[in-house]
Structure formats: structure tokens, C-alpha cells
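Hi everyone, thanks for coming. Let me walk you through one chain today; please have a look at it first.

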Amino acid sequence: MTKNPFGNIGNIMKQAQAMQEQLAKIQEQAAAKTVDGTAGGGMVTVTANGAMDLVAVKIDPEVVKSGDVEMLQDLILAAAGEALRKAKEMMATEMKSVTGGLKIPGMF
């Protein structure tokens, strides 16, 4: 009797489907988690979630009183960039638990 060379494909497909389901669950859970990025010594704080959405911006009223719009814009950009970087790192860490550190194209 000859062994079917494709016999393990069914098992591989089941494993891939289970991994895909785990990844989707982790993405959903991580979307509920948030991280903060700050700039100007905490004068501006931007919050992002695991889905890479910016969900909050807090600006110290003293920054607005200064009237320096360009500085405020720079602080917001810096805080948002840090928040998104942290969110990406958080997602990458979460994904490692499923992928074992394997880099999957299109994933964090």
C-alpha cells in the first residue's frame, strides 16, 4: 500500500485555521488595550489602541495659553507617533504568543 503524499495537508490546513482563529482573537483583544504617547514632558498625551486607532488626546491648558501653535502641532505629532509605535510593539508582542516569533507578511 502506497502512502498518500498529501495525507498531512488536512492536518496542516487545520493547524493553519486554528492559528488564524487565534490571531483574530488576539487582534480583537488587543484592540481593547490602549497605550499612551507623550511629548513635552507630558504636556500632550495621545492614546492609541491595538487596532492602531488614536482614541484620545489630552493637552495641558498651559500649552494653549502660550499661543505657540507650531509647538503644539509638533507636540501632538510627536505624542501620536509614540503612541502608534507603542501600539505596534504591543501588537507584535501579542502576536508572538501565537506565531512563536515567526514573521508573517501583513502581520505586525
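When I say two residues touch or are in contact, I mean heavy atoms within 4.5 Å. With that in mind, take Leu 75: leaving aside residues up to four places away in sequence, Leu 75 touches Ala 39, Gly 40, Met 43, Val 44 and Val 63.

A quick word on the source: this is a predicted model, where local features need pLDDT of at least 70 and side-chain atom pairs count only at pLDDT 80 or more, while totals for chains, interfaces and linings use all residues. Residues are numbered from 1 along each chain as its sequence is written, and side-chain values use heavy atoms, with hydrogens and water left out.

Now the overall layout. The chain has three helices and three strands, taken as DSSP runs (H or I, at least four residues, for helices; E, at least two, for strands) and numbered from the N terminus. Their order from the N terminus is α-β-β-β-α-α.

Next, the interior. Buried means under 20% relative accessible area, exposed over 50%, and partly exposed in between, with a 1.4 Å probe and protein chains only. By that cut-off, 23% of the 108 residues are buried.

A nonpolar core is a set of buried Ala, Val, Leu, Ile, Met, Phe, Trp, Tyr and Cys residues joined through side-chain atoms within 4.5 Å. The largest one has 13 residues, and Val 44, Val 46, Leu 75 and Ala 79 touch the most other members. Strands E1 (34-39) and E2 (44-49) and helix H3 (69-99) each supply at least two of its residues, and H3 gives the most, seven. There is also a second, separate core of five residues, among them Ile 26, Ala 30, Met 91 and Met 95.
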